[in-house]
Each structure stands twice: as structure tokens, then as C-alpha cells.
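Biologist: Can we walk through this one together? I'll ask, you answer.
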Amino acid sequence: MFLQSLQLRHFRNYQEQYIEFTAPKTILLGNNAQGKSNLLEAVELLATLRSHRMARDKELVQDSEAIAQIKASLQREVGISDLTLTLRRNGRRTVNLNGENLRRQTDFLGVLNAVEFSSLDLDLVRGSPEVRRHWLDTLLVQLEPVYAYILQQYQQVLRQRNAFLKRHLETLNLTALQSELSVWDAQLANAGTRVIRRRDRAIQRLAPIASKWHASISGSTEVLQVKYTPNVPLEETQSEQVQQAFLEKIQQRAVAELHQGTTLVGPHRDEVELTINQTPARQYGSQGQQRTLVLSLKLAELQLIEEVVGEPPLLLLDDVLAELDPSRQNQLLDAIQDRFQTLITTTHLGSFDSQWLNSSQILAVKAGAISSQSSVF
Ligand SMILES: Nc1ncnc2c1ncn2[C@@H]1O[C@H](COP(=O)(O)OP(=O)(O)O)[C@@H](O)[C@H]1O
Ligand SMILES: [Mg+2]
């Protein structure tokens with residue numbers, strides 16, 4: 001797929017900006033705080049309806065404006081798609097595809113696919129389990145857009161069940177609550193099981209690809225393992241068995257839940273373990289080695305999305321290329337070649353290969369305005 005153009009209106013520090021993409025690689029060049037990451041964030045929003053910066057919509061809308069709009073024209077094998085995402089300072093988002101407002105956001109999610117790679121992604125190794133769950137969920141939303149709906153349903157049941165537990169905090173008489181609670185348990189297990197099974201399937205497919213990339217980049221000296229460890233044990237993958245295990249674990253934790261007033265069992269407590277040579281990756285090795293791991297995950301995401309969707313997704317590289325050493329840079333560039341349209345932000349061109357620069361479109365970003373830069377020198 002190829003993003004032909006992007007139009008930003010009152011998005012972050014962009015007043016009104018139209019950008020045409022004319023090469024497989026576009027380098028966005030500019031000093032800090034000019035709007036480079038904002039632009040990638042706009043593309044990411046079209047792909048996932050999420051921002052990895054976890055921004056709220058009112059932060060995405062330009063200061064003192066009420067409405068922001070991101071529009072894109074995307075070339076896919078089936079033809080051109082026009083996407084519009086409207087964000088409101090106070091209010092709901094609307095999504096529009098080819099001139100038609102969509103009632104379901106899931107219909108918008110499958111259209112543009114993108115993998116984002118920024119320095120924040122080192123948190124995948126160092127951060128809390130929540131960071132990895134969020135990463136996995138964002139990937140899943142692109143692999144199977146219906147997952148967005150499934151996850152939302154789970155989160156809704158979880159919130160309601162938590163509210164119920166909180167209302168009955170310190171209730172020592174479990175039996176009095178049992179009948180009402182069991183209704184929530186059933187709903188939680190039902191929705192949660194769907195989340196667990198899809199997360200499991202995604203990691204099953206991603207893990208071998210990531211390990212392969214990692215072996216290749218590290219020169220086979222290190223073995224990366226990506227392992228899904230759900231909070232509810234997953235010995236069998238059939239839906240009924242998972243639900244059964246879910247309900248059993250809830251029973252075991254029932255007293256603790258009432259004491260703490262919160263749900264202790266379910267995929268909101270899942271983990272994705274990353275180990276290198278059997279050692280937790282966060283304890284293993286240097287920052288460079290951790291970067292290799294994250295790079296491997298990102299390359300695996302690209303490949304998996306391409307396999308599932310049938311077209312190469314976009315790659316959004318936010319400030320990371322210059323941070324990779326020349327050998328890792330080359331591994332990455334070899335892997336993407338011209339197959340994946342790539343948007344790259346950087347503050348300086350010094351570390352880029354010149355052959356590479358020649359085949360790239362270079363845009364200068366300054367104070368929320370973009371200008372074409374025909375020559376580097
Ligand atoms: N809602 C907003 N309205 C206006 N300006 C914003 C908004 N959100 C962020 N900005 C501005 O965007 C700039 C940061 O842009 P960013 O894309 O992160 O910079 P960089 O070029 O370093 O990647 C800052 O100057 C910030 O004040
Ligand atoms: Mg930035």
C-alpha cells in the first residue's frame with residue numbers, strides 16, 4: 001500500500017498542511033519540537049485509531065481549536081481509499097471512508113496499515129507488562145480489526161465488575177453476593193477468553209518471525225524467545241476450556257478480590273515475556289542488544305501484517321534510525337528495501353547513507369509547516 005497524500009487540519013501544531021508523498025522513502029527533517037513526530041502520529045491514528053503517546057483527543061486538537069481533521073489518500077491493490085478521521089476537543093470521533101461516515105470504527109481499521117518504531121519502543125523491553133499488552137493489542141487491531149470491538153467489550157465488563165467489587169469492598173459474606181457476582185464472572189470469562197485466544201494466536205505467529213530476525217541481526221549468537229503468558233493458564237486453546245480455567249481461577253481469588261475491591265483475574269494482567277538466551281531481556285545485555293530485540297519485533301510486525309493483510313504496511317521510523325549502529329541500520333534498510341513505504345524523522349542527515357538519501361524524498365519540518373527540500377546540499 002502507498003500513502004499518496006496526507007492533509008492535516010488543526011492537528012497538534014499543524015494549522016493546515018497538505019503533503020504529497022512521491023518516493024518509497026520520505027525523510028522528515030527538522031529540529032526538535034517542530035512537528036515531525038506529530039505527522040507520524042497522524043498516520044498512526046489512521047492505522048490504529050490509537051496514539052502510542054497515549055494522547056487524549058483534546059491534546060491532539062490544535063490549541064484553541066475545537067476540531068482536528070486528518071485526511072489521507074491511500075493506494076491499495078484494490079484501488080484508492082480516502083480516509084478522514086475527525087477529532088473533537090469535546091466529543092466523539094468520526095471516521096469517514098470514501099465519503100461515507102462509518103458507524104463502526106472497525107470498518108475503518110483495516111484500511112491503512114502501519115508499524116511505528118520510535119525510541120519509546122525500548123519500553124517494550126524495560127517497561128511494565130502494560131506496555132507490552134498495549135503493543136500486542138495495537139498489532140492485533142491491525143491483524144484483525146474486529147479485535148478492537150472484542151477488547152472494548154472486555155474492558156467494559158471489567159469496569160463494571162470492578163465497580164461492583166468496589167461497592168462491596170470488605171464484604172465478608174461472599175455467599176450473599178454470589179449470585180450477582182457469578183453473572184459478572186460469566187461475562188468476564190466469556191469476553192476475556194476471546195481476548196486471550198486472539199492474543200495467543202498472534203504471538204504464536206509473531207514469535208518465530210521475531211526469533212528469526214533476531215538471530216540474523218545478532219549473527220546467531222543470541223536466541224530470542226517471545227512468549228505469551230496469560231494470567232489465566234492456557235493449557236488448552238478451546239474456548240470452553242479457557243472459560244473453565246478462567247472461572248476456576250476467579251473462584252480461587254474470590255476472597256482476595258473482595259478485599260481489594262478489584263478484579264485480579266483476566267487478560268488485563270497478561271504478560272508477554274521477552275527472553276534472550278533464557279534470560280529476561282531487561283536484565284540481558286546492553287542498550288544496543290535491547291535495540292536489536294525491539295528492531296526484531298518491529299520487523300516481525302511488518303512481515304506478519306504483510307502476510308495477513310496481503311500488502312506491505314507502512315513503516316514509521318521516529319528518530320530511531322540514527323540511533324542504530326551502521327550494521328543494524330543496514331539490516332533494517334535491506335529488510336524494507338523499497339517494498340515498504342517508509343516515513344523517517346530525523347534532526348540531521350549526517351548518519352544516512354548517501355545512496356539512500358538520493359532515492360528519498362526529503363521534507364523539511366519547521367513550526368508545523370512542511371516544505372519540500374529538493375537538494376540536501
Ligand atoms: N494540541 C497542540 N496544539 C498546538 N501545538 C501542539 C499541540 N500538541 C503538540 N504541539 C506542539 O508540537 C510540538 C512537538 O511536535 P513533535 O512532532 O513532537 O516534535 P518533533 O519535531 O521533535 O518530533 C511542540 O512544539 C508542541 O508544543
Ligand atoms: Mg519527535
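Biologist: Which side chain meets Arg339 in a salt bridge?
Modeller: Glu306, at 2.7 Å from N to O. A salt bridge here is a side-chain nitrogen of Lys or Arg within 4 Å of a carboxyl oxygen of Asp or Glu. Side chains of opposite charge can pair when their charged atoms come close.
Biologist: What should I know about the model itself?
Modeller: This is a predicted model: local features need pLDDT of at least 70, side-chain atom pairs count only at pLDDT 80 or more, and totals for chains, interfaces and linings use all residues. Residues are numbered from 1 along each chain as its sequence is written, chains are lettered from A and ligands numbered from 1 in the order in which they are written, and side-chain values use heavy atoms, with hydrogens and water left out.
Biologist: How is the protein divided?
Modeller: Into domain 1 (1-113 + 314-377) and domain 2 (121-310). The bounds come from an automatic or database domain assignment. Between the C-alpha centres of the two domains lie 29 Å. Domain 1 puts 23 residues into the contact and domain 2 puts in 24. Contact means heavy atoms within 4.5 Å.
Biologist: What area is buried between domain 1 and domain 2?
Modeller: About 2000 Å², with carbon and sulfur atoms giving 64%. That is accessible area (1.4 Å probe) lost when the two parts are put together, summed over both. Arg50, Arg328 and Gln331 supply 30% of what domain 1 buries against domain 2, more than any other three residues.
Biologist: How many salt bridges cross that interface?
Modeller: The rule finds two between domain 1 and domain 2. It also finds seven residue pairs in polar contact there, both residues at pLDDT 80 or more. A polar contact is a pair of N or O atoms within 3.5 Å; within protein, one must be able to donate a hydrogen and the other to accept it, and residues adjacent in sequence count only if both atoms are side-chain atoms.
Biologist: Which elements give two or more residues to the domain 1 side?
Modeller: Helix H1 (36-48), helix H3 (106-109), strand E12 (314-318) and helix H10 (326-336). H10 gives the most, with five residues. Helices (H or I, at least four residues) and strands (E, at least two) are DSSP runs, numbered from the N terminus.
Biologist: What follows H9?
Modeller: Gly310, with a positive phi near 90°.
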